[in-house]
Amino acid sequence: MTATLQVFLIVSAALFCIGLLAALTRRHAIFILIGIEMMLAAANLNFIAFWRFGLRSPYPIGVMVAIFSIAIAAAEAAVGLAMVIAVYRHFRTTNVDQLDRLKG
Amino acid sequence: MVGLISALIIIPVAGAIVLYVGHAKNPRVISLIFNALSAFYALMLWLKFDPSAPGLQLIERHAWIPSIGAEYIVGVDGLSLLLVLLTSLVFPFAFCAQKLERGACALMLVMQAALYGTFTAQNFILWFLFYEMSLVPAFLLIKIYGGENRDYAAVKFFLYTFLGSVAMLLAFLGIYFAKGTFDFAKLADLGKTGLLTGDIRWLVFAGIFLGLAVKVPLFPFHTWLPDAYQTAPTGVSMVLTGTLSKMGVYGFIRLLVPLFPNEVKIAGPWILTLVVCSIVIAPLAAWAQRDLKRMVAYLSINHLGYCLLGLFAITTTSTSALIDKHAALSGIFLQIFNHGVTAAALFYFVGLLEQRRGSRGINDFGGLMQRTPLLCGWMSVAMFSSLGLPGLNGFIGEFLIFKGSFATAAGFTAIAVIGLLFTAVTFMRAMQSLFSGPLSESCAGFSDLLLKEKLVIVPITFLMFAIGLNPQFIFNTFNATVAQMARLFS
Amino acid sequence: MSSWIVTDVWLIPATPIVAALLILAFGKHARLAGAVVAVIGQAVALAMSLFAFVPTLHEHGFRALHNFTWFTFGEQPLRIGFVVDPLAVAMMVMITLVGFCIFVFSVGYMAEDKNFSRFFAYLSFFSGAMLGVVVSNSLLLLFVFWELVGLASYLLIGFWIERPSAAAAAKKAFITTRIGDMGLFLGLLLLYHRSGTLLFYDSGNGALEPSALLKIGSSVTLVALLIFCGAAGKSGQFPLHVWLPDAMEGPTPVSALIHAATMVAAGVFLVARVYPIFAVDAINGVTSSLTVVVWIGVVTGLMAALIAVAQFDIKRILAYSTVSQLGLMMVSLGVGGVAAGIMHLLAHGFFKALLFLGAGSVIHGLHHEQDVRKMGGLRKLMPITFATYAVGMMALSGVPFFFSGGWTKEEILHATSQWPSSHVPYYLVLLGVVLTALYMTRQVIYVFFGTTRSNADHAHESPSVMTAPLIILAVCAVTFSIVLTPAWPWLESYLNGHAAQYDPHLLIQSMILVSLVLVGAGIAIGLWLYRRAGEVDPVQQAQPALFRFLENKIWIDEIYERTVIAFAALVARIADWMDRYIWDGLVRGFGAIGCLFGTITAGADEGVINAGVDETTVGARGFGRVMSRLHSGQIQIYLGAVALGMLALLLFYVWLA
């Protein structure tokens with residue numbers, strides 16, 4: 001099995017679906033965050049794959065974008081965790097089913 | 001520094017403001033004071049006016065709204081001066097006719113200012129502004145202070161004349177887009193070679209014609225007039241017939257004929273037909289009236305018809321001799337003035353009768369000559385003046401108009417003479433049923449002319465005699481203008 | 001030689017007019033002062049007329065003009081003027097003399113009237129206006145005074161204004177004459193248009209002088225006929241004669257003034273004044289306009305004479321005799337006898353004033369009884385009135401030799417007999433002469449002879465202030481004939497401006513005999529017919545149908561009432577109706593259409609636009625309520641929706657590809 005774009009896309013899609021599933025089904029906020037991180041990772045993988053097989057640029061654009069994305073994801077995770085902590089402090093729970101104050 | 005004419009326009013407005021703000025207890029006196037002031041200014045204007053020079057004089061010109069060609073330009077020639085003098089004469093006369101409330105006085109003064117403006121403005125936008133400005137007070141005066149049926153009459157009056165004004169405004173906008181100016185003098189210059197071409201010119205012509213014909217009024221656009229004059233208070237009727245109706249004739253002379261000389265030549269016979277209908281049908285209808293005021297109103301249509309007869313008779317053909325043009329134009333100018341004075345006087349007398357009797361049906365009176373000989377005598381003078389008896393003012397104007405129109409429109413003139421006859425018939429019938437016969441019981445308590453009424457009537461009657469016997473002083477004001485217009489119309 | 005009066009001839013009409021204004025200014029209570037001023041004014045005018053008479057005697061065809069500019073319109077002067085010539089002066093003397101007598105008579109006749117001074121003001125004004133007509137040297141100025149004459153007659157006929165019949169008669173007079181005046185006005189316009197001037201004489205340029213007459217050209221007949229309309233109106237010619245008998249409603253001195261000196265004389269005078277216009281291009285003295293004048297005159301003269309035979313009102317008989325005599329004057333003018341016509345006018349002025357004042361004296365004596373059937377036998381009770389009345393009757397009947405009317409009638413008959421077109425007018429005029437003698441005899445018999453009927457026996461002779469004018473006029477009516485006789489035709493020479501040529505033998509032989517026979521026949525028939533005149537008229541008994549026909553004035557008034565007046569009134573009512581319902585109906589129709597549009601737009605506003613907006617808002621609210629339910633606040637549902645959306649998008653793209 002050679003490393004083609006298709007393989008990477010399939011892996012990436014699988015990773016994205018797992019992440020999405022996690023984000024949709026888990027009730028704990030931390031797990032949802034983890035799911036989101038997994039979807040981000042799938043996206044990063046796509047960047048690199050498209051750079052490697054599609055663009056064929058001598059410059060490491062895809063890698064740079066991935067690294068940039070990872071950096072942002074880190075920041076996002078930090079903010080997300082901080083919010084989870086803040087939410088927990090306020091509502092004494094991190095179960096998203098109970099956090100429906102945005103209900104219309 | 002405000003010029004004479006602008007001052008003349010401002011004085012009545014100032015009077016209206018003083019009346020309205022000041023809550024004056026005797027509004028009529030204050031109105032008369034302001035009228036005296038404006039009469040003084042009008043006399044000053046007469047003195048400063050050089051009667052031997054043709055063309056506009058004492059012009060005041062200021063930029064106003066340059067982007068739409070509107071300019072504040074006022075000036076007088078002989079015709080304008082005559083009308084300014086007439087306005088200054090009729091308004092005090094009307095104020096003397098009856099007691100009016102504060103609001104009515106203020107509205108009358110606003111109307112006076114608008115009339116001064118209309119007769120002196122030399123730019124269409126300005127002219128139209130004043131023209132419409134006179135309409136609103138007239139409407140309100142009929143609507144608020146009128147007699148029976150006033151709502152109907154007022155709305156009819158307003159809508160009718162306003163419709164005409166709209167037609168005229170649209171027509172003038174058309175002219176402006178074609179020629180780029182609203183200035184009367186420039187437009188008249190352009191008019192000599194044909195202002196517009198193609199079918200559009202007829203549309204524009206018709207628009208202006210309609211607007212002015214309603215105002216005069218010309219048959220068959222006259223139906224607002226009997227209702228309005230009948231309903232309006234005496235003073236307002238006097239002003240409406242004495243001055244407001246002159247705006248239409250003035251417009252015909254100042255606008256329609258100079259701007260559309262060629263179109264007038266083509267449409268002339270048709271217009272003359274309408275004019276002759278006015279002249280003949282109006283006194284016939286007057287004869288059939290039972291209400292004195294309505295009768296006088298119909299005769300007003302007839303008298304203004306003579307003005308238009310003269311005007312269109314000399315402008316329909318280019319062959320009319322100079323003497324006929326001079327005769328017709330002089331006659332028209334004089335007739336305008338005469339009718340203003342005489343018709344106002346007739347309404348005044350009807351008002352006096354109404355004040356005494358409480359109604360004004362022609363059969364409500366009888367045998368007045370035995371009870372109030374002075375009232376009957378002076379009223380007869382006004383009636384005879386109106387039916388064109390020589391020695392009084394009406395005759396000279398009518399003679400000159402007929403002289404001018406006979407040369408080019410003999411047939412129309414001959415038919416119009418029937419109008420003279422039926423005017424006489426109408427007045428004779430009125431005199432017979434009012435003055436003669438046994439004294440009717442309802443009139444037994446009448447008082448004869450009071451001193452204050454004499455003070456009003458005697459000068460006006462004196463003026464009628466003065467014009468009838470030695471009219472030169474009034475001809476002097478406009479002879480130069482007549483000569484100039486006669487050249488313009490040839 | 002020209003005296004001051006020639007240049008200032010305007011003073012003659014001005015004097016009575018100023019007197020009138022003065023009397024009006026004095027007010028109602030200055031009765032004596034009013035009468036005095038009026039009589040003095042008339043006397044002064046008479047004196048000045050006599051002054052003006054002097055210069056015209058010195059040369060034949062004397063004519064002094066005083067033209068001036070009345071006013072300037074535009075750059076055109078309008079000139080009017082006054083003229084002194086034999087025609088004007090002869091008329092002025094007659095008017096002022098007759099007027100003076102009538103004024104004096106009125107002092108007695110009107111003594112008990114409450115508006116005594118106003119009556120004198122009107123009389124003075126009437127006389128002044130008529131003098132103005134006579135001295136005008138411009139058709140326009142003549143028209144001005146002409147209308148003032150009309151006004152004065154209106155005021156005087158309707159003087160007893162509390163009587164409805166007087167007011168109606170005044171109105172009728174004013175309107176009927178004004179119908180004629182409108183013709184005159186048009187004639188004036190046409191003349192002015194064609195000839196460029198309204199002055200009669202203007203040293204060669206006047207409208208009556210050859211150069212201007214040439215300019216009038218082909219329309220000269222029309223001008224003449226239009227002017228004749230005016231003359232017919234004022235002089236009571238058929239078909240505009242109807243006002244003249246009704247004018248009897250005025251006080252009797254007014255009737256005398258109207259019938260003798262002023263009003264009706266104006267028409268004949270006008271034709272005489274503008275005679276050159278009628279006579280342009282005459283062949284043997286005949287033009288089509290003059291022919292019209294002759295026939296109108298003949299019809300009027302005969303018709304009025306016939307009607308006069310069947311009237312019972314003493315003044316009405318005289319009124320129809322005036323109409324008849326005016327017809328005779330018109331015939332005379334038409335056949336070319338201008339001088340004869342004017343001479344008859346002057347003579348008629350004297351004797352008709354005499355007759356009317358005599359009738360006034362009778363009416364006064366009988367306390368305002370005017371029906372001749374109720375008079376009779378007054379010969380002894382009112383001797384002076386009877387004597388003077390008899391003189392007037394003889395003069396009017398045309399008894400030759402001693403009475404002025406006889407001579408002037410000869411002249412007219414003479415002129416008519418020589419008219420080249422036709423002899424019919426001559427014979428008809430002769431018939432008129434017989435009738436005139438007949439009805440005058442009838443009247444005199446009824447009034448003065450026979451037995452006294454009803455209240456006539458209380459009659460008394462009038463005071464001397466009334467009889468003196470009668471005597472003066474009677475003397476005038478007789479002595480005036482001195483200047484008329486063919487033996488010394490001074491007046492004719494004076495009026496014509498050249499010495500009259502006559503063959504006295506011819507006149508003596510045929511004409512005088514003819515008229516003597518005719519007048520004698522008329523009087524004889526009258527005497528025979530009315531020898532037993534009583535309450536019932538013998539002719540009425542013999543020929544009731546004919547008599548009723550004439551008594552009712554040939555029903556001309558009724559015919560006018562049913563046709564012309566009814567038609568005009570109908571037209572007036574139609575005009576009013578059209579105004580109210582057709583023209584105003586159109587306007588209101590437009591208004592109604594506007595209202596309809598308004599209603600439709602208002603309905604559309606309410607039903608469609610407003611309702612639509614309402615519905616939309618309600619719908620939006622419901623939709624919002626539904627949609628807000630989706631907003632659960634459950635983050636994972638949102639996320640799931642996003643995922644589903646993405647999936648749908650993906651499938652959509654796949655399906656597209």
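1. Among the contacts in chain B with a separation of 6 or more, 81% are made by residues 24 or more positions apart. The model is a predicted one, and the points below should be read with that in mind. In chain C, residues 24 or more positions apart account for 79% of the contacts with a separation of 6 or more.

2. The secondary structure of chain B comes to 19 helices and two strands. Its radius of gyration is 21 Å, close to the 23 Å that the globule rule gives for 490 residues, so chain B is as compact as a globular protein of that length. Along the principal axes, the C-alpha trace of chain B spans about 65 × 55 × 45 Å, and buried residues make up 63% of the 490 residues in this chain.

3. Chain C has 27 helices and two strands, but its overall dimensions call for a separate comment. A compact globule of 657 residues would have a radius of gyration near 26 Å, whereas chain C has 38 Å. Taken along the principal axes, the C-alpha atoms of chain C fill a box of roughly 150 × 65 × 55 Å, and 54% of its 657 residues are buried.

4. As for the way the chains meet, there are two pairs of chains that touch, and the one with the most contacts is that of chains B and C. The contact between chain A and chain C takes ten residues from each of them, and on the side of chain A the residues divide into five nonpolar, one polar and four charged. No contact joins chain A and chain B, whose closest C-alpha atoms lie 56 Å apart.

5. One helix pair in chain B can be described in some detail. Helix 1 (residues 4-22) of chain B packs against helix 4 (residues 102-120) of chain B at an angle of about 165°, with the axes 8 Å apart. Because angles over 145 degrees count as roughly antiparallel, helix 1 of chain B is roughly antiparallel to helix 4 of chain B. The crossing of these two helices of chain B is left-handed, and the residues of their contact divide into 14 nonpolar, four polar and one charged. Among the residues that meet there are B:I5, B:L8 and B:I9 from helix 1 of chain B, and B:C105, B:A106 and B:L109 from helix 4 of chain B.

6. In chain C, a reader may wish to look at C:G349, which has its place in helix 16 (residues 338-365) of chain C. This glycine counts as buried because it has 29 C-beta neighbours inside 10 Å, where 20 or more are required. Leaving aside neighbours within four places in sequence, C:G349 is in contact with C:M94, C:V98, C:A260, C:A261 and C:A265. The C-alpha atoms of C:G349 and C:A477, 128 residues apart along the chain, are separated by 8.9 Å.

7. The peptide bond from B:F219 to B:P220 is cis, with omega near -5°, and B:P220 lies in the loop between helix 8 (200-215) and helix 9 (224-231) of chain B. The peptide bond from C:F238 to C:P239 is also cis, with omega near 5°. B:L58, although not a glycine, has a positive phi of about 55°, and this residue is placed in strand 1 (residues 57-65) of chain B.

Note on methods. Residues are numbered from 1 along each chain as its sequence is written. Chains are lettered from A and ligands numbered from 1 in the order in which they are written. This is a predicted model: local features need pLDDT of at least 70, side-chain atom pairs count only at pLDDT 80 or more; totals for chains, interfaces and linings use all residues. Two residues are in contact if their C-beta atoms, placed from the backbone, lie within 7 Å. Ala, Val, Leu, Ile, Met, Phe, Trp, Tyr, Cys and Pro count as nonpolar, Asp, Glu, Lys and Arg as charged, and the others, Gly among them, as polar. Helices (H or I, at least four residues) and strands (E, at least two) are DSSP runs, numbered from the N terminus. The radius of gyration is taken over C-alpha atoms; the globule rule is 2.2 Å times the number of residues to the power 0.38. A residue is buried if 20 or more other C-beta atoms lie within 10 Å of its own, exposed if 12 or fewer, and partly exposed in between; C-beta atoms are placed from the backbone. Axes are lines fitted to C-alpha atoms, for helices over the stretch in contact, and angles run from 0 to 180 degrees between N-to-C directions. Angles under 35 degrees count as roughly parallel, over 145 as roughly antiparallel, 65 to 115 as roughly perpendicular and the rest as oblique. A crossing is left-handed if the near helix is turned anticlockwise from the far one by less than a right angle, and right-handed if clockwise.
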